[in-house]
Amino acid sequence: MREFAFELAVCAHLEADFDGVVSRQLGASLAGTRVMDVVRVEPGPEFEDRTRLTAGTVPDAAIESRVGVGEARYWKDCFDCHPERAREATDRAVETGFFESERRHGREYVRRAVRYPEHWFGELVGIENKPDLGNPGDLERQLRTDVSLGAFDAVVLATASHVTGAHLHRIPDEVGVWRFDQENGIDEVVREPTPLAPDEPGVEPVGREPTRTEIRTASPVEKARLRRRIAERAYGKGWRTYDAPACANAAAGEYAGARDLPFCEWKGRFVHPAAECGVDCPGHAAADPLDLDLDAERDRRTPWVRDPAGYRRRQAGLDRF
Ligand code: SF4
């Protein structure tokens, strides 16, 4: 569970020194299963337009759809994806205020409440956490995938270990390395990352057999779409995605000024509530869930807006007719 506490510390410290969006555990590949531990999204020139739109994630299918800002159209005519996905995206887009909806003759018609601000985000930095380099797991393969796909502008490895030449030898040259201290943040930049090329085609390994690796080429258009999905997901999700433990020994902890982190008095450390808390824990003492207001804390600490004004000209009127 040390990795979870390390990840919270990385997020809290990044957030303290940065005016953009920090999120964790985001899908970062097109056909594979790569999940990036932490993502830092720099604000772009239209960031404020994005904060006004919705606090959540705008569905990718809604952004890609033919729903425009002008005349409302029958929702089914505007999507090329599977009807279920289209329906889901329409509902979600209406709920978030990206689409406005009206009924005509029993059919739902939709229009965009606003043009999507494509330039709301700038650079995306992927940060892979590996507190203990003595226990690297799949690290080398994951970082090679990140570099060859090149969806991020830069990729960094954050570790609490002393970094040796042998470690560096196993990490792709393009990957930056931070020695990270949970209390003090980045202790040493062991190596700066080399900028990747998100605007150029990339290569993604999609299957691995003992004698060969199957690969897939990713076009710049696919990568741009993946980047937007990562940025949107990061904006909607943030990094405070843990539950409040229902235990008398749980307390709200703090890292780098970020409050309401899950600390356990009994274990004397930060805990991963979903994995560690519950009746199976020997220290568990039933109580009401810890009172954490994670959205308020995110709103207080970051440019993310909890209750945006939105752009909707009128309430979605499904019951209008
Ligand atoms: S359930 Fe266990 S780990 Fe979680 S707060 Fe209680 S004592 Fe700590």
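Author: Contact, or touching, means heavy atoms within 4.5 Å. Leu30 touches Leu149, Glu204, Arg216, Ala218, Glu222, Leu226 and Arg229, leaving aside residues up to four places away in sequence. This is a predicted model, in which local features need pLDDT of at least 70 and side-chain atom pairs count only at pLDDT 80 or more, while totals for chains, interfaces and linings use all residues. Residues are numbered from 1 along each chain as its sequence is written, and side-chain values use heavy atoms, without hydrogens and water.

Reader: Why does Leu30 count as partly exposed?

Author: Buried means under 20% relative accessible area, exposed means over 50%, and partly exposed is what lies in between (1.4 Å probe, protein chains only). Leu30 has 24% relative accessibility, so the middle class applies. Leu30 sits in the loop between strand S1 (21–27) and strand S2 (35–43). Helices here are DSSP runs of H or I with at least four residues, strands are runs of E with at least two, and both are numbered from the N terminus.

Reader: How far apart are Leu30 and Arg225, in sequence and in space?

Author: They are 195 residues apart in sequence, and their C-alpha atoms are 9.5 Å apart.

Reader: What makes the overall radius of gyration of the protein chain agree with a compact globule?

Author: The radius is taken over C-alpha atoms, and the rule is 2.2 Å times the number of residues to the power 0.38. For 321 residues the rule gives a value near 20 Å; the protein chain has 22 Å, and therefore the two agree. The C-alpha trace spans about 65 × 55 × 35 Å along its principal axes. The chain holds nine helices and 14 strands, and 50% of its residues are buried. Of the contacts with a separation of 6 or more, 66% are between residues 24 or more positions apart.

Reader: What makes H1 mostly covered?

Author: Twelve of its 15 residues are buried. Among them are Phe4, Phe6, Leu8, Val10 and Leu14, along with Glu7 and Glu15.

Reader: Why is Arg227 called buried?

Author: Arg227 has 11% relative accessibility, so it falls in the buried class. This residue of H7 touches Phe121, Gly122, Leu124, Ala151, Phe152, Asp153 and Pro198, again not counting residues up to four places away in sequence.

Reader: Is Glu108 buried or exposed, and on what value?

Author: Its relative accessible area is 5%, so Glu108 is buried. Glu108 belongs to strand S5 (residues 107–112). Its C-alpha atom is 8.2 Å from that of Arg73, 35 residues apart along the chain.

Reader: What makes Asp173 exposed?

Author: Asp173 has a relative accessible area of 60%, and therefore counts as exposed. It lies in the loop between helix H6 (165–170) and strand S8 (176–181). Asp173 touches Arg191 and Thr194, with residues up to four places away in sequence left out. Its C-alpha atom is 9.7 Å from that of Arg144, which is 29 residues apart from it along the chain.

Reader: What is the phi of Ala256, which is not a glycine?

Author: Phi of Ala256 is positive, about 50°. Ala256 is in the loop between strand S12 (250–255) and strand S13 (258–264). Its relative accessible area is 29%, so Ala256 is partly exposed. Asp260, also other than glycine, has a positive phi near 65°.

Reader: Where is Asp260 placed, and why does it count as buried?

Author: Asp260 is in strand S13. Its relative accessibility is 15%, so Asp260 counts as buried.
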